[in-house]
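Biologist: Hi! I'm new to this one, could you walk me through it?
Modeller: Happy to, let me put it on the screen.

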Amino acid sequence: MNEILNLKPQCIWKNFYALTQVPHPSGHLEKIETFLLDFAKQAGVEAFKDPAGNIVMRKPATAGMENRKGVILQAHMDMVPQKSYDSKHNFETDPIEPWIDGEWVKANNTTLGADNGLGVAAIMAVMEDKTLKHGPVEALITADEETGMCGANDLPAGELNGDILFNLDSETWGKFVIGSAGGIDVTAILGYKEVDTDKEDVAVRVTIKGLRGGHSGLEINEGRANANKLMVRFVREAIAKCDARLATWHGGNMRNAIPFKAETVLTLPKENVEAVKELVEEWKELFIDEFKMIETNGIEFFAEDVEAPAKQVPVEVQDNLINAIYACHDGVIRMIPSYPDVVETSSNLAIIDIEGGDAFVKILARSSREDMRDYVVNTIESCFNMAGMKVETAGSYGGWDPNPDSEVLALMLRVYKELSGEDGIVQVDHAGLECSIILGKYPQLDVVSFGPTIRSPHTTTERALWKTAEPFWELLKKALEEVPVK
């Protein structure tokens, strides 16, 4: 029996463990959808899959509470599939392997899926518990939040009946989120005709890995290294000093994660191989020094001899791509003036794939202001347009405007203080939450987001502070019991 089944409250941890045993990476949700529908049937609650792929459950009010406002419990069913460099894990077929490390629940060389599995587990606990007191409760478990908030974007109007929305996708216990940033995917693409590699040239594969990576919203302000941005600094100098040529580049794999690994294949004259390897060592020392207080996992940067590819990127295209990647903004642009500790606008140079005549770059831009979001998109577009690349945008979602006078926020803060003896913290997040999209379809909802403590989501060091799950559960139960009348 897995040790996390002994953690309290067992109703949450048993459901969370069950979720870890069902593969559910973004884009591959068939198994988790079936699992949730089967669970609802066993729990005796109404459930269905809507046209957007969301799972909706409905539980009637307990006796005497039929006049209370309806509550929607909302979380997302997909998880970010990240694994360590040497892991053989297949997210489409293999279960997650959770384990306890002191105060934390972690996974074996993969993301844990606490984002947002703990929220889904709490919803399941509410649905199956016959002892709870509550008004009408609905569950909205959305599809593919991590890859573009697809389930929320396609949520049918008129499907939900509630008055209050509890979003269970926040990641610091004791903080109550009442606003979040909007975002948009920016993609730059270019087709090019490869040229032959000089028959006398050799090749090296240069790899950077071991970076912390992280959530490109919540952790973008921590100054963590971006593997693509470090790599471009080296590649530019290797081209200038060692007559290197770019053959391929692969860096990052998730739009909403800071890339922790990148690798390039460079061709060059045989007599320059030692020089480029010495350059790698010089940049490695520089990177370690620059990030010695941040990249505590240990930066790995090395070159390996590989067979020379038959084709490579033409010089003019190569130089334009390198200049654009170098110039592309990455990181924080501005903080919120009224919340100076919260990021307002940022961008994450998430994915670069250059090979076989195709160049592809994806950036996720975020902002809690629409005008600043447009500004960063135009900045990125201008940068890559100068390299001759076509720039497209997709997956746009608006920000969630905070409502400090929210009735449900006041309820949550009161109940939290009664249970903990402490004042809750109200904040606006730079992460993208589905609340803004759902509010666009159901503007009457009173919304607050909260949850147990999770750290480093979207990375292989994702972890959940298990002791925060119990007070989170107690708060959720008490809040459901004290929801005001209509």
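Biologist: How many cavities of 30 Å³ or more does the structure hold?
Modeller: There are 4 cavities of that size in the structure. Keep in mind that this is a predicted model.

Biologist: And what volume does the largest cavity have?
Modeller: About 170 Å³ for the largest cavity. Its lining is made of 19 residues, and the closest to the centre are Glu-145, Glu-146, His-215, Gly-432 and His-458.

Biologist: Nice. How does that lining divide into nonpolar, polar and charged residues?
Modeller: The lining of the largest cavity has 8 charged residues, along with 6 nonpolar and 5 polar.

Biologist: Where does the largest cavity lie?
Modeller: It lies between domain 1 and domain 2, because both domains give residues to its lining.

Biologist: OK, switching to the domains. Which residues belong to each?
Modeller: The domain assignment puts 3–180 and 400–482 in domain 1, while domain 2 is 183–397. Their C-alpha centres are 34 Å apart. Domain 1 brings 21 residues to the contact, and domain 2 brings 28.

Biologist: How much area is buried between domain 1 and domain 2?
Modeller: About 2,100 Å², with 59% of that coming from carbon and sulfur atoms. On the side of domain 1 that touches domain 2, there are 8 nonpolar, 9 polar and 4 charged residues.

Biologist: How many salt bridges are there between the two domains?
Modeller: The count between domain 1 and domain 2 is 0. For polar contacts, though, 7 residue pairs turn up across the interface of the two domains.

Key
Residues are numbered from 1 along each chain as its sequence is written. This is a predicted model: local features need pLDDT of at least 70, side-chain atom pairs count only at pLDDT 80 or more; totals for chains, interfaces and linings use all residues. Side-chain values use heavy atoms; hydrogens and water are left out. Domain bounds come from an automatic or database domain assignment. Contact means heavy atoms within 4.5 Å. Buried area is the accessible area (1.4 Å probe) that two parts lose on being put together, summed over both. A salt bridge is a side-chain nitrogen of Lys or Arg within 4 Å of a carboxyl oxygen of Asp or Glu. A polar contact is a pair of N or O atoms within 3.5 Å; within protein, one must be able to donate a hydrogen and the other to accept it, and residues adjacent in sequence count only if both atoms are side-chain atoms. Ala, Val, Leu, Ile, Met, Phe, Trp, Tyr, Cys and Pro count as nonpolar, Asp, Glu, Lys and Arg as charged, and the others, Gly among them, as polar. On a 1 Å grid over the protein atoms alone, a cavity is a set of points where a 1.4 Å probe fits but cannot get out, and a pocket is an open set with protein on both sides within 12 Å along at least five of seven lines; lining residues have an atom within 4 Å of a point. Grid points are joined across faces, edges and corners, and a volume is the space filled by probe spheres set on the points.
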